[in-house]
Amino acid sequence: MNSVRRSRHRSLIAAAAVAVLGSAAVVLADDPGQKELLDTVRQLQDEVRQLKAQVNQQSQATKDVSPEQEKATTNAVQSDAAQHSQLMQLESLNAGWSQGRFLLQSTDGRYLLHPWFQLQFRNTTTFREDAKQHGTSDDIQNGFEIRRLKFGFDGNAISTDLTYNLQFAVDRKTGNVQLEMAYAKYHFHDTPFSVRGGQFKEALDHEQLLTSKFFVSADRTYTDDVFLGGEGFVQGAGLIYDNGGVVRGEADFTDGIKNFNNNFQDYPTTGITADWGANGRVEFKVFGDWADYDHFAAYGTKKPLLVVGAGADYTEAGHTGVLTHVVDAQFFGRHGLGLYGAYLGRYTKGNTIGSFTGDTYDATVRTQISYAFGKHWEPFAQYEFLNFDNHTFPANVTNNINVIRAGFSYYVYGHNAKFTVDATYLPNGAPIADDGNGILLNNNHTEIVGRVQFQLLL
């Protein structure tokens, strides 16, 4: 209605303008000296007539539009503007705490983002017998460290069948941030098969595959650190079989064991330790839930569990080939008992150690027992035996290493906030240092390590 009134007002104004200019033209026509001015007035009359015609045309078009149509057009314009002014429709996004973790998820489930954070703050004391100069006195080292500061994101994108995992860690000695994991995995819908590519944990050893968040001890075993590089990250691509049943497995083609954060070049390029590698692992669940198998601690498990697994990796560097093989088993009882055992062997073809060139074989055994009781406590004990080949070390260095460890975890809020206290005893010392475990080089002499650690997970 307002637009109709405006059009009528414009028509009256145009008519009045034409009348005024017409009168002016009559007056000016009687004056010959005003001929130039008269031509200007007539030009203005023509322009006013054109304006009047346009106004009448717009007025007629406005009469044909109903008030309802005008209102609908206005609402449509306003709605479109509101949609373009929003970066995200909040009603299509769910955010909150679910199953002990914070999630951002679209309502259709196609997009999921799970950010997380891990902090492990530790005090370590290491005693070494006769470790000072000339081996005549004992040595004690003590101090605090941020043993682990990690953060990452995982979830799915575009489809629930396309998942991803990004993980970063802060170096405890330099404070520099480095990449640990970055991979995408695609599950072929309605099949048990998936493919994965990027940087990930090698499917070889059960302990190495587990995250340090869910350990009962303060850290990984000495065997895991020495033979598998701790968490065992590799770069490559692989095929995964998992139908949620009793058997699952994985096979990968990689840049080789312990080879990560490197480019495409081969050994012996600086920092690159292998040419290529291939690995595989198969796991058989006798009973229990796969979710409990992701824990190295018995705390929080609801049902009995028994899983037996086996894995192998072959890595080649130049003329040297290394075959690492593992057999392991994990058991959780109904009332908090946890048992773990593993055998790891390493066969090296064409190994060169000093003046020796030939084949070598190293063998290890790991065992762990723990018992979770009450709402907070889980004491544990571990034993490791490492037998290195006779050619691995010089004659005056022990080839047999015994590692005895015992302690407990106290769960304040489950694994999200817990204290761990343990002590490690090496009766013959260690010919290979593992300072991440607090173990320093000390051959054929007693070494004792004490650790107190607090973990926070978000």
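**Close-up views of a predicted model**

View 1. Asn 399 is found in the loop that runs between strand E15 (377–387) and strand E16 (400–411), where strands (E, at least two residues) and helices (H or I, at least four) are DSSP runs numbered from the N terminus. This is a predicted model, in which local features need pLDDT of at least 70 and side-chain atom pairs count only at pLDDT 80 or more, while totals for chains, interfaces and linings use all residues. Residues are numbered from 1 along each chain as its sequence is written, and side-chain values use heavy atoms, with hydrogens and water left out. Asn 399 counts as buried because its relative accessibility is 14% (buried means under 20% relative accessible area, exposed over 50%, and partly exposed in between, with a 1.4 Å probe and protein chains only). Not counting residues up to four places away in sequence, Asn 399 touches Leu 386, Asn 387, Phe 388, Asp 389, Asn 390 and Phe 393, contact meaning heavy atoms within 4.5 Å.

View 2. Pro 268 is found in the loop between strand E9 (247–254) and strand E10 (276–287), and a cis peptide bond, with omega of about 10°, joins Tyr 267 to Pro 268. Lys 258 is found in the loop between E9 and E10 as well, and although Lys 258 is not a glycine, its phi is positive, at about 65°. Most residues other than glycine have a negative phi, and most peptide bonds are trans. Lys 258 is partly exposed, since its relative accessible area is 37%.

**View 3. The largest cavity.** A search of the whole structure finds two cavities of 30 Å³ or more, a cavity being a set of points, on a 1 Å grid over the protein atoms alone, where a 1.4 Å probe fits but cannot get out, with lining residues having an atom within 4 Å of a point. The largest cavity has a volume of about 40 Å³, a volume being the space filled by probe spheres set on the points, which are joined across faces, edges and corners. Strand E12 (320–332), strand E13 (337–353) and strand E14 (356–371) are the elements that give two or more residues to the lining of the largest cavity. Among the residues that line the largest cavity are Phe 296, Gln 330, Tyr 340 and Ser 370.

**View 4. The salt bridge between Arg 148 and Asp 219.** The side chains of Arg 148 and Asp 219 meet in a salt bridge at 2.9 Å, N to O, the term meaning a side-chain nitrogen of Lys or Arg within 4 Å of a carboxyl oxygen of Asp or Glu. This pair links distant parts of the chain, with Arg 148 in strand E4 (residues 139–157) and Asp 219 in the loop between helix H4 (206–209) and helix H5 (222–228), 71 residues apart. Arg 148 counts as buried at 6% relative accessibility, and Asp 219 is buried with a relative accessible area of 2%.

**View 5. The salt bridge between Arg 172 and Asp 435.** Arg 172 forms a salt bridge with Asp 435, and their closest N and O atoms are 2.9 Å apart. Because Arg 172 lies in the loop between strand E5 (159–170) and strand E6 (177–187), and Asp 435 in the loop between strand E18 (429–430) and E19, the pair ties together parts that are 263 residues apart in sequence. Arg 172 counts as partly exposed at 29% relative accessibility, and Asp 435 counts as partly exposed at 33%.

Note on methods:
On a 1 Å grid over the protein atoms alone, a cavity is a set of points where a 1.4 Å probe fits but cannot get out, and a pocket is an open set with protein on both sides within 12 Å along at least five of seven lines; lining residues have an atom within 4 Å of a point.
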